[in-house]
Amino acid sequence: MIIAKNSWLLKASCIVSFAYILMLPAMHQHVAYGYEETDVQRLIKANNCKNCDLQDADLSGFKLDRAFLRYAEMQKANLEGAHMAFADFIAANMREANLKGANLEGANFMHTKLEGADLSETNLRGTDMRDARLSGTDLSGADVQGADFKWAKGLNPEQKAYLRDNGAKNVPE
């Protein structure tokens with residue numbers, strides 16, 4: 001009798017485990033590759049989207065000055081030409097985001113992950129880039145006057161020279 005009960009329990013746990021394994025790719029796909037439309041609407045309406053999922057979202061040309069986007073997941077988001085002056089991106093994940101030509105004057109990118117992001121031709125005047133992760137970013141043509149790069153990580157020698165030559169402050173050695 002004990003063997004029969006254990007056999008039934010073993011079969012049940014195998015079925016549950018198999019079902020979980022089948023569902024895992026679907027759950028992972030949502031987490032890794034999509035954005036939440038409700039988060040986009042919350043950002044548009046309230047200009048506040050802390051912890052939002054905006055991965056791959058197209059926010060190009062949006063006017064969201066002083067937006068609050070702390071801890072937002074914004075990998076591969078398209079913010080080309082957006083107006084987001086004085087926005088708060090503290091600790092956001094913006095890897096491979098397109099910020100080309102955006103107005104980000106005075107924005108706070110402290111602790112933000114920007115690896116592989118396109119920041120070319122972007123207005124970064126007076127931004128806070130302290131402890132930002134910047135390996136592989138494109139800073140060509142960016143206006144970096146007065147931007148603070150203290151403790152910024154991942155900058156190559158050419159980027160450091162560009163930043164120093166164009167008025168950025170506290171560029172790491």
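This section describes the secondary structure, packing, aromatic pairing, disulfide and salt bridges of a predicted protein model.

Residues are numbered from 1 along each chain as its sequence is written. Because the model is predicted, local features were required to have pLDDT of at least 70 and side-chain atom pairs pLDDT 80 or more, whereas totals for chains, interfaces and linings use all residues; side-chain values use heavy atoms, with hydrogens and water left out.

The protein contains 3 helices and 0 strands, where helices (H or I, at least four residues) and strands (E, at least two) are DSSP runs numbered from the N terminus. Along the sequence, the pattern is α-α-α. Of the 173 residues, 39% are buried; buried denotes under 20% relative accessible area, exposed over 50%, and partly exposed the range in between (1.4 Å probe, protein chains only). Among contacts (heavy atoms within 4.5 Å) with a separation of 6 or more, 2% involve residues 24 or more positions apart.

In soluble globular proteins, nonpolar side chains tend to be buried together. The largest nonpolar core comprises 43 residues, and the members touching the most others are Leu69, Met74, Met84, Phe89, Met94 and Phe149. Such a core is a set of buried Ala, Val, Leu, Ile, Met, Phe, Trp, Tyr and Cys residues joined through side-chain atoms within 4.5 Å. Phe89 has a relative accessible area of 0% and is therefore buried. Beyond residues up to four places away in sequence, the contacts of Phe89 include Leu69, Met74, Met84, Met94 and Phe109.

One of these contacts also involves ring pairing. The count comes to 1 aromatic pair, with rings of Phe, Tyr and Trp (its six-membered ring) paired if their centres lie within 6.5 Å, and planes under 30 degrees apart counted as stacked, over 60 as edge-to-face and the rest as tilted. The ring centres of Phe89 and Phe109 are 4.7 Å apart and their planes meet at 10 degrees, so the pair is stacked. Both residues lie in the loop between helix H2 (37-46) and H3, so the pair ties together parts 20 residues apart in sequence. Phe109 is likewise buried, at 0% relative accessibility.

The structure holds 1 disulfide, defined as a pair of cysteine sulfur atoms within 2.5 Å. This bond joins Cys49 to Cys52, with an S to S distance of 1.6 Å. The torsion about the S-S bond of Cys49 and Cys52 is about -90 degrees, so the disulfide is left-handed. Cys49 is buried at 0% relative accessibility, and Cys52 is buried with a relative accessible area of 0%.

There are 9 salt bridges, each a side-chain nitrogen of Lys or Arg within 4 Å of a carboxyl oxygen of Asp or Glu. Within helix H2, Arg42 and Asp39 lie 3 residues apart, about one turn of the helix, and their closest N and O atoms are 3.8 Å apart. Arg42 is partly exposed at 36%, whereas Asp39 is buried at 12%. Asp131 pairs with Lys153 at 2.5 Å between the closest N and O atoms. Both lie in the loop between H2 and H3, so this pair ties together parts 22 residues apart in sequence. A further salt bridge links Glu173 and Arg164 (3.9 Å, N to O). Salt bridges that share partners join Asp131, Arg133 and Lys153 into one network.
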